[in-house]
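Q: Please walk me through this structure. I want to learn how to read its features one by one.

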Amino acid sequence: MTEQIAHLYAIGCLGIVFFELALIAGAPLGAWTQGGRHAGRLPLTGRAVAAVSIPILIFQALAIINAAGFPLGWPLWTGWAAFGVSGVSCVLNAITPSAAERALWFPVTLVMAGLAGYVMVMTRAAVM
C-alpha cells in the first residue's frame, strides 16, 4: 500500500507541475498562486518562481517514490526533505492572504503532506 500512496503523491506533484507550466505559459491564474498579488497573468518574476518550483516538485515526487521502495538509490533523508517541503507548503498555503489560493491549495497541500508523511512513517516502521 505504501507504494500506491507514493504514486498518488507523485501524481499530485505532476498535477502541480502542469499548473506551474500553465502559469509560465501565461495563463491568467495569478489569483490562485503566490499570495494572489496578480489577478491575471504573472509577471516575469512570478513565472520564474513557477519555473523554479518545477524541479523541486519533481525531486519531491522521486524522493517519496524512492522512500517507498522504488530503487533510485537515493538516501532516505531525501524523502524526509520532501515531506518537510510539503509541510512548509501546506503551512504557507494556510496563511496566504489570497482566499482563492487558500481555498484551493491548502486542502491539496494538506493531503499531499499527509501522503508524504504516511510513506515516510511506514518506511521508518519497515526499517525498525
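Q: Which residues have the most contacts inside the largest nonpolar core?

A: First, the ground rules. This is a predicted model, where local features need pLDDT of at least 70, side-chain atom pairs count only at pLDDT 80 or more, and totals for chains, interfaces and linings use all residues. Residues are numbered from 1 along each chain as its sequence is written, and side-chain values use heavy atoms, without hydrogens and water.

A: A nonpolar core is a set of buried Ala, Val, Leu, Ile, Met, Phe, Trp, Tyr and Cys residues joined through side-chain atoms within 4.5 Å. Buried means under 20% relative accessible area, exposed over 50%, partly exposed in between (1.4 Å probe, protein chains only). Here the largest core has 26 residues, and A6, Y9, C13, I64 and V119 have the most contacts inside it.

Q: Which elements give two or more residues to this core?

A: Helices (H or I, at least four residues) are DSSP runs, numbered from the N terminus. The contributors are α1 (2–25), α2 and α4. Helix α1 gives the most, with 9 residues.

Q: What does I64 touch?

A: Contact means heavy atoms within 4.5 Å. Setting aside residues up to four places away in sequence, I64 touches A6, Y9, G79, A82, F83, A116, V119 and M120.

Q: How many aromatic pairs does a search of the whole structure find?

A: Rings of Phe, Tyr and Trp (its six-membered ring) pair if their centres lie within 6.5 Å; planes under 30 degrees apart count as stacked, over 60 as edge-to-face and the rest as tilted. The search finds 3 pairs. One of them, F59 with W74, is stacked, at 5.7 Å centre to centre and 15 degrees between the planes. The pair links distant parts of the chain: F59 sits in helix α2 (residues 44–67), and W74, 15 residues away, in the loop between α2 and α3 (77–95).

Q: What else is W74 in contact with, besides F59?

A: Beyond its neighbours within four places in sequence, W74 also contacts L62, A63 and N66.

Q: Which residues form the nonpolar patch on the surface?

A: Patches take residues with over 30% relative accessible area and no salt bridge; like charges are joined within 9 Å, nonpolar side chains (Val, Leu, Ile, Met, Phe, Trp, Tyr) within 5 Å. This patch holds M1, L76, W80, Y118, V121 and M122, with about 550 Å² of accessible area together. Its largest share, 3 residues, comes from helix α4 (residues 99–127). M122 is in helix α4 and is partly exposed at 33% relative accessibility.

How values were computed. Accessible areas come from the Shrake-Rupley method with a 1.4 Å probe; for residues, only the protein chains shown count as cover. A salt bridge is a side-chain nitrogen of Lys or Arg within 4 Å of a carboxyl oxygen of Asp or Glu.
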